[in-house]
Amino acid sequence: MSSIPSFSRFLLLGQPADGMARPAGGRDARIDVVRGLALLIIFINHMPGNVVSAYMPHSYGFSDAADIFVLLAGVSAALAYGGVIEKRGLSLAALKLGGRIWTLYIAHIAVFVLVCGVVATAVTQTQNPLYIETINIQPFFRDTGEALIGALTLTYQPSYLDILPLYIVLLALFPAIYYAVRISPLLTLAISLAIWQAAVALELNLPNGGAGVWFFNPFAWQVVFTVGIIIGRAAQLGVAAPRLLWLDVAAVAFLVFAWAVKISTGNPTGIGALNDWFDSVQLGSDKTNLAWTRLMHIGALAWLAIRWLPSGAAMAKPALGRALASAGQNSLHVFCVGIVLSIIGQIVLAETSFALSVQLLICTAGISILTGLGIFLSWYHSVTKRGASAEPVPARGAQAPRPSLSSP
């Protein structure tokens, strides 16, 4: 129980008790493995109507892979850019953040163009204009110039292309949230919750010309990102989660409750006052404005993962763990390719009348492609890194060879 004072002091003051923290170790495979799994789930969920999606986590709980993705984005940001802030200062961290935000922005625009091209090709080949409505790219074909301006300013987001804009906004907010967490994680979380509830009460959201408002309200989803930053900051300082059996039991009980609610039909309690609530959560907890049930569910999952999943590199040792970790380490590439593949998958499923064999084939092929991409990119990065480190260093005073005129 000795970790309780350190954990409590961290929550209140942003620092563990003297001598109570453990130095942060190497890369924690839990982040990469779970993120890789979340990316595969997002791919499957972006093809609604396929039989595999019915067995994804959203069918058994209040949250889904999107919540996990945003939470881990906060954890990773705290470990990556928070570490730069601590060692090199805000200026360098801001440069790195700016570079990452620019990369995300370019990736979002590239995926937007590719998706529009895929849908345009499908409509031309099948003579079925319904694909335009399904993906919500009517504005692109109705007024291409205006739609492109909307895409460039993030004020127009077709369906399934809304996570990266959210990530861009949250990363832009990272320095402010991180510095607040350094002062007091508990106070920062309270402010974050207040902003969320105020936004819900005042109906604050960012505009989306194609659908009215952003599907992921950043004023709400910043709470999940903030929780992730707090977890990442604790890991950065080596603050261990205390062994609280009652909290473990409460988290498990809530997950079981969520599972029972989701698999039930109607209101199993028979209490009339709860009819509307059961109907709403069984259809799906509010995703745009982050329903309380979603936040509590992802919080319970995060607590149990921190407490019981093996830390360090243990989860990446089995072959499946290594494949998922590779996907998680190359999350942007895997995510973008997964979005395009899921749009193609939707079209193929519709054209084949959702034949079961085609559903299973598309899901299997997509998962294989995405995990294979992650494995290839990890291999490529390791090879190029070894190659760069193996380049001979010229001796002091030695003149570097001149390139010949025949050099390419």
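The legends below describe close-up views of a predicted model.

**View 1. Stacked ring pair of Phe69 and Phe335.** The structure holds 20 aromatic pairs. In the pair shown here, the ring centres of Phe69 and Phe335 are 5.8 Å apart and the planes lie at 25°, so the pair counts as stacked. The two residues come from distant parts of the chain, 266 residues apart. Phe69 belongs to helix α3 (residues 65-88) and Phe335 to helix α15 (residues 331-351). Phe69 is buried, with a relative accessible area of 7%. Phe335 is buried as well, at 6%.

**View 2. Edge-to-face pair of Trp277 and Phe278.** A distance of 5.1 Å separates the ring centres of Trp277 and Phe278, and their planes are at 85°, so this pair is edge-to-face. Phe278 has a relative accessible area of 3% and is buried, whereas Trp277 is partly exposed at 29%. Both residues belong to a cluster linked by ring pairs, together with Phe62, Phe254 and Phe257.

**View 3. Arg307 over the ring of Trp308.** Arg307 lies over the face of Trp308. The distance to the ring centre is 4.7 Å.

**View 4. Crossing of helices α3 and α4.** The axes of α3 and helix α4 (residues 90-126) come within 7 Å of each other and cross at roughly 155°. Because angles over 145 degrees count as roughly antiparallel, α3 is roughly antiparallel to α4. The crossing of the two helices is right-handed. On the α3 side, the contact residues are Tyr81, Val84, Ile85 and Arg88. On the α4 side, they are Leu90, Leu92, Ala93, Lys96, Leu97 and Arg100.

**View 5. Positive phi at Asn136.** Most residues other than glycine have a negative phi. Asn136 is not a glycine, yet its phi is positive, at about 60°. Asn136 sits in the loop between α5 (130-135) and α6 (138-142). With a relative accessibility of 11%, Asn136 counts as buried.

**View 6. Positive phi at Tyr160.** Tyr160 is another residue that is not a glycine but has a positive phi, here about 75°. The loop that holds Tyr160 runs between α7 (144-152) and α8 (163-183). Tyr160 has a relative accessible area of 17%; because buried means under 20%, Tyr160 is classed as buried.

Technical notes:
Residues numbered from 1 in each chain as written. Predicted model: local features only at pLDDT ≥ 70, side-chain atom pairs only at ≥ 80, totals over all residues. Heavy atoms only, no water. Phe/Tyr/Trp six-rings, centres within 6.5 Å; stacked < 30°, edge-to-face > 60°. Helix = DSSP H or I, 4+ residues; strand = E, 2+ residues; numbered from the N terminus. Buried < 20%, exposed > 50% of the residue type's maximum accessible area, 1.4 Å probe, protein only. Lys NZ or Arg CZ within 6 Å of the ring centre and 35° of its normal. Axes fitted to C-alpha atoms, helices over the stretch in contact; angles between N-to-C directions. Parallel < 35°, antiparallel > 145°, perpendicular 65-115°, else oblique. Left-handed = near helix turned anticlockwise from the far one by under 90°. Contact = heavy atoms within 4.5 Å.
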